[in-house]
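Subject: Structure handover

Hello,

Here is the structure I promised to pass on. Please open it alongside this message, and then read on for what turned up.

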Amino acid sequence: MSESTVEKHAFQAEIQQLLDLVVHSLYTDKEIFLRELISNASDSMEKLRHIESTEKDIHQAGAELEIRITTDEEAGTITIEDRGIGMSHDELVENLGTIAHSGTKAFLKAMKESGGSPANMIGQFGVGFYSAFMVADKVSVTSHSWRVGTGGNTWTSDGTSGYEIEPAENADRGAKLTLHLKEDCKDFAKEYTVKGLIERYSNFVGFPIFLNGTRVNEVEALWLKNKSEVTDEQYKAFYQFACKAFDEPAYRLHFSADAPLAINALVFAPSENPERMGFGKVDGGIALYSRKVMIDPSPKDMLPEWMRFMKGVVDSADIPLNISRESMQDSALVRKIGTVISKRVIKMFEKEAEGDPEKYRGFYQKFDRFFKEGVVTDYANREQLAKLLRYESSLTDPGSVCGLTDYVSRMKDGQEEIYYLAGAGREQIESSPYLEAFKARGLEVIYFFDAADEYVADSLAEFDGKKLVSVRHGGVDLADQDVDGDALGEEETKELCEFLKTELGDKVTSVAPGKRLVDSPVIALVPTDGLSPQMRQMMKAMDENFKDEVKVELEINPRHPLVKKLAESSKANPDVAKLVSQQLLDNALISAGLLDDARETVRRMNELMQKAMG
Ligand code: ADP
């Protein structure tokens, strides 16, 4: 090409300013240049698709819409080529030499306003095309517009003094960018490095990407498709490849919304829980995209923490491509998207659980901790999440479960509270004296087997307007119940209670007759503000010196033969009656899982046996 056809141009002052920053910035995430350029290429081909639908005359009309990337280690270059709308001579000047477009404008505006560190600002904006100068000291763009007969041109610049434009013969439609990499950026001329970057940032770009002739992005943007166009197989392949999963997805949610936000989402619940398999806390698995370009693989504040086990993609055209990770964290827009997604996900679980309770039971067994965590931490979704909890209860068959909604629908007339009892397992709970009164009245009691359940119940406090109450606690108001058999008279009962209170002293807050007991002589009730046995165990496990004075309400059963006998003995044989009183309390504490030191209990038991045998 002769000298005369080369035009020299100076950059517009603002572009010059921008370039100075880009070139001299110490910004470390230089690799984002590739994402920016691929995204420009993809945008340009998307525009071409639109033009194809209205225009007949298009330069190289049949050309495949694909992105071709080539690396040349020896020459130290990387080339990115697309078959999009391209740029004419004037468009090259306009688009790459002046600041007519949004992203860069916003960047400069923010930079001016901040008056702060420019390197930091580059991190916050993509700076689009100009990010090429972070890694290259010379960039050339050969382009031919889609318009027939406009001719090709090559735009070249070192990013400092200005740029040159000269005609390019036989230029293909679209743009071909060649980056001559800086000495310390030669890594981007390595196929291996570039492949990793494409897989990371641009895997779901809707056009095929070829790297040195080989297709790299295997997965299409399934989430933008219509549900009816996607097969189960495709969903599974997408889940495993795109979400880097090895299991089958247990559930999936694929939806799109236009208002108030444009969202396309495809998210999965896995079938295996890595946290349960001892891998520690996982990172959030739902990536944020904007028009098929990945913004962040694990956006921090988009979704509530408990949803970290979910995997997939959320794409919102409302998110500007050049939003940065830093500015995303306080982006109301991102949080809004997160709100929509979390509500939908919870609804999805609710529907699936209703449709196939058996399947959900299996899933819940592995993932229950996430839902429980959600109830405790995700205030906005608490009530909805509580519907997803599952428990065995006194009315379910062993191994079967029910939800709180089922429980409420079965509540007896006049029942105002939801009752639960925590224990190590079904048998242990069912042999507990606490259950007697509830069984006798046909009141359902939910069984908590997980150490976290009581904590969750405390935090939830109520469901559907009904308080959650441990049957271990005093203060549960049970309706009167006719009971068979003779009971101690009122006066005798009162006297016995006084006797016990004197004898047991500080160990009990009160002694009173109760309606709860059917088969047991006494029961120890924990004050509502006291620690539950499960909590105490947890505290003890964490701190071996943990001591907690247990004070219980003792409820006695005036119909029980042992109690009746004790009333007699308290007058006729007070010495034995005292020993029996102490022993009865210890027995009640053992049933309650509250006896810490059994030495005294054993000694007393021996004494009692001796006495019994005379
Ligand atoms: P932005 O993409 O945010 O507008 P860029 O600096 O990345 O900013 O690009 C500036 C302009 O250059 C784009 O708006 C577009 O018109 C044009 N452009 C960039 N890359 C291409 C391409 N591969 N094909 C066609 N036009 C492009």
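A crossing of two helices is called left-handed if the near helix is turned anticlockwise from the far one by less than a right angle, and right-handed if it is turned clockwise. Keep that in mind for the helix pairs below. Note too that this is a predicted model.

Start with α11 and α16. Helix α11 covers residues 357-377 and helix α16 covers residues 453-460. Their axes come within 8 Å and cross at roughly 30 degrees. The crossing of α11 past α16 is left-handed. On the α11 side, the residues that meet α16 are Lys372, Val375 and Val376. They face Asp453, Tyr455, Val456, Ser459 and Leu460 of α16.

Now take α2 (residues 32-54) and α7 (residues 191-201). These two helices pack at an angle of about 65 degrees, with axes 10 Å apart. Here the crossing is right-handed. Helix α2 brings Ile32, Leu34, Arg35 and Ile38 to the contact. Helix α7 brings Val194, Leu197, Ile198 and Tyr201.

**The chain as a whole**

The protein chain has 21 helices and 22 strands. It counts 614 residues, and buried residues make up 49% of them. Consider the contacts between residues at least 6 apart in sequence: 71% of these join residues at least 24 apart.

**Aromatic rings**

How many aromatic pairs does the structure hold? There are 30. One of them is Tyr239 with Phe268, a tilted pair. Their ring centres are 5.0 Å apart, with 50 degrees between the planes. This pair links distant parts of the chain, 29 residues apart. Tyr239 belongs to helix α8 (residues 232-242), and Phe268 to strand β11 (residues 263-270). Both Tyr239 and Phe268 are buried.

There is also an aromatic cluster. Its members are Tyr251, Trp306, Phe309, Phe349, Tyr360, Phe363, Tyr364, Phe367, Phe370 and Phe371.

Two charged side chains sit over rings. Arg68 lies over the face of Phe210, 4.5 Å from the ring centre. Lys292 lies over the face of Phe207, 5.6 Å from the ring centre.

**Cysteines**

A search of the whole structure gave 0 disulfides. Cys185 has a relative accessible area of 2%, so it counts as buried. Cys402 is buried too, at 3% relative accessibility.

**Two residues to look up**

Val522 lies in strand β21, which covers residues 522-525. Is Val522 buried or exposed? Its relative accessibility is 7%, so Val522 is buried. Leaving aside residues up to four places away in sequence, Val522 touches Leu517, Leu554, Glu555, Ile556, Leu584 and Ala588. Take Glu555 from that list. It is 33 residues from Val522 in sequence, yet the C-alpha atoms are 5.6 Å apart in space.

Glu358 takes us back to helix α11. Why does Glu358 count as exposed? The cut-off for exposed is over 50% relative accessible area. Glu358 has 51%, so it is exposed. Glu358 and Val401 are 43 residues apart in sequence, with 9.3 Å between their C-alpha atoms.

Best wishes

Conventions: Residues are numbered from 1 along each chain as its sequence is written. This is a predicted model: local features need pLDDT of at least 70, side-chain atom pairs count only at pLDDT 80 or more; totals for chains, interfaces and linings use all residues. Side-chain values use heavy atoms; hydrogens and water are left out. A disulfide is a pair of cysteine sulfur atoms within 2.5 Å. Buried means under 20% relative accessible area, exposed over 50%, partly exposed in between (1.4 Å probe, protein chains only). Rings of Phe, Tyr and Trp (its six-membered ring) pair if their centres lie within 6.5 Å; planes under 30 degrees apart count as stacked, over 60 as edge-to-face and the rest as tilted. Helices (H or I, at least four residues) and strands (E, at least two) are DSSP runs, numbered from the N terminus. A charge sits over a ring if NZ of Lys or CZ of Arg is within 6 Å of the ring centre and within 35 degrees of the ring normal. Axes are lines fitted to C-alpha atoms, for helices over the stretch in contact, and angles run from 0 to 180 degrees between N-to-C directions. Contact means heavy atoms within 4.5 Å.
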